[in-house]
Amino acid sequence: MDPLARLARVPRPSRSDLALAGLLAVWAVAEALVARPDPLYAGITFALVVTLPLMFRRHAPVIVLGVTVAALLVWAAVTTGPPATVAPFPTILVSTFSAALHIRSLPVAALAWPLAVGGMTGATALRFYGPWPDVGSLLILLFFVTGAWTAGRLLRRRDIQLRASEERTREQAREAVAAERLRIARELHDVVAHSLSIIAVNAGAARELSGLDPERARDHMDAVAGTAREALAEMRHVLEALRDDGDDRLAPQPTLDRLPELVEQARAGGLPVRLVEQGERLALPAGLELAAFRIVQEALTNVLRHAGAADTEVRVVYGGAELGLEVVNGPGAAQAPAAGGGHGLLGMRERARLYGGALHAGPVPDGGYAVRIRLPVEPT
């Protein structure tokens, strides 16, 4: 490997580690200048050796601890006077803490504890800190070293749990995005299916009337053009939502206020349909209104697709605790699908389930078909 590339891979110390090592170095050098060991330069060198390696405490904490302990034992063996600085002790504690925090392997991280205790005990045995200490002093030493290592390991465990929690949150967000995209795909299916049914019915009617009644044929073609424009606008809306670019120009989602317009579109497509509303109109959550509108839209699309020009009634019942929707058609040219079959019924059932409601669909005694939904509501 190129030497420059190898050098570029060497971990760079962080600013906080540089600051910590610098502050301890200044402290240790100041203590050495006050104590004035003989020779002075040796004391200053010792002060720097046991503090500056902390710059690499995150990347090689055990090595930093080993260098500090080795320097401490050598200095304790060769010096006869009082210690020039107490800097080795905070360095040892910080290195022990860093090993427990940053080393993944527990056995390797655990090496820091006997290394720290052995270094401090060895320096004490060499009379570095004065006469041989009593048992109480040794217990205090063990307490500080054990506390530093335990604190580092507990923080590492907490950090791992926090990262796992963040990853679960991100995974839940990804699942929510996937579910929302599935919902949008169903929205697109509903819009396109309904619009294409309207276009097909109007185009067929225009063809049949083109020679007999050109004016009425033109009306049907106008309906085709208008429905196609609206379908394209809604498709553009869905695609812009998928891009998630925050464009405020998007048209608002349909609500129950647009049911008369939806019924008029179906009527223009040749479906004899009437709208009946019962109860007092309430302000409902936007998502619930959108779901209700799409359910009615899909039900009318199924009537057009499976029953043709069958007499149909759309009934909306506003109650105190629920919203009722019914789309009932009489006998038509073809039989509607059985309850639970087809993508349209699946989409309607899923929308009802999402808001805690229930959907019942099936044939009625007169040979027609009925879709009935009950949605619990909390007025806004």
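V314 stands opposite V327 in strand β3, and this spot is a handy way into the sheet of this predicted model. Strands here are DSSP runs of E with at least two residues, while helices are runs of H or I with at least four residues, and both are numbered from the N terminus. The two strands in question, β2 and β3 (residues 322–329), pair in the antiparallel sense over 7 bridges; two strands count as paired if DSSP finds at least two bridges between them. With 3 residues between them, β2 and β3 form a hairpin.

A word on how things are counted. Residues are numbered from 1 along each chain as its sequence is written, and side-chain values use heavy atoms, with hydrogens and water left out. Since the model is predicted, local features need pLDDT of at least 70 and side-chain atom pairs count only at pLDDT 80 or more, whereas totals for chains, interfaces and linings use all residues.

Now for the other side of β2. Strand β1 (residues 273–278) pairs with β2 in the parallel sense over 6 bridges, and V276 stands opposite R315 in β2. To get from β1 to β2 the chain passes through helix α11 (residues 286–306), and this β-α-β crossover is left-handed. (Right-handed would be a path from the first strand over the helix to the second that runs clockwise, with the strands pointing away from the viewer.) Strand β2 (residues 312–318) has 5 of its 7 residues buried, so it is largely enclosed by the rest of the structure. Buried means under 20% relative accessible area, exposed means over 50%, and partly exposed is in between, with a 1.4 Å probe and protein chains only.

Zooming out, the open sheet has 5 strands in the order β1-β2-β3-β5-β4, with mixed pairing. At its edges stand β1 and β4 (358–363), each with a single partner strand, so one side of each is left without a neighbour in the sheet. On average, neighbouring strands of this sheet are turned by 10° against each other, direction ignored. β4 is joined by 6 bridges to strand β5 (residues 369–376), and these two run antiparallel. Within that pair, P363 stands opposite Y369 in β5.

Helix α10 (residues 259–268) lies across β1 and β2 and runs at about 160° to β1. Helix α11 lies across β1, β2, β3 and β5, running at about 10° to β3. The axes behind these angles are lines fitted to C-alpha atoms, for helices over the stretch in contact, and the angles run from 0 to 180 degrees between N-to-C directions.

Back in β2, E313 has its place in the strand and counts as buried at 17% relative accessibility. The side chains of E313 and R315 are joined by a polar contact of 2.8 Å. A polar contact is a pair of N or O atoms within 3.5 Å; within protein, one must be able to donate a hydrogen and the other to accept it, and residues adjacent in sequence count only if both atoms are side-chain atoms. Leaving aside neighbours within four places in sequence, E313 is in contact (heavy atoms within 4.5 Å) with R274, V276, E326, V327 and V328.

D366 sits in the loop between β4 and β5 and is exposed, with a relative accessible area of 53%. The side chain of D366 reaches the backbone nitrogen of G368 at 3.0 Å. D366 and P331 are 35 residues apart in sequence but 7.1 Å apart in space, C-alpha to C-alpha.

Then there are the rings. The structure holds 3 aromatic pairs, meaning rings of Phe, Tyr and Trp (its six-membered ring) with centres within 6.5 Å; planes under 30 degrees apart count as stacked, over 60 as edge-to-face and the rest as tilted. F89 and F144 form an edge-to-face pair, 6.1 Å centre to centre with 85° between the planes. F89 lies in helix α5 (residues 88–102) and F144 in helix α8 (residues 135–209), so the pair ties together parts that are 55 residues apart in sequence. The rings of F143 and F144 have centres 5.7 Å apart and planes at 75°, so this pair is edge-to-face. Ring pairs link F89, F143 and F144 into a cluster. F89 is partly exposed at 25% relative accessibility, F144 is partly exposed at 39%, and F143 is exposed at 59%.

Overall, the chain has 12 helices and 5 strands, and 37% of its 380 residues count as buried.
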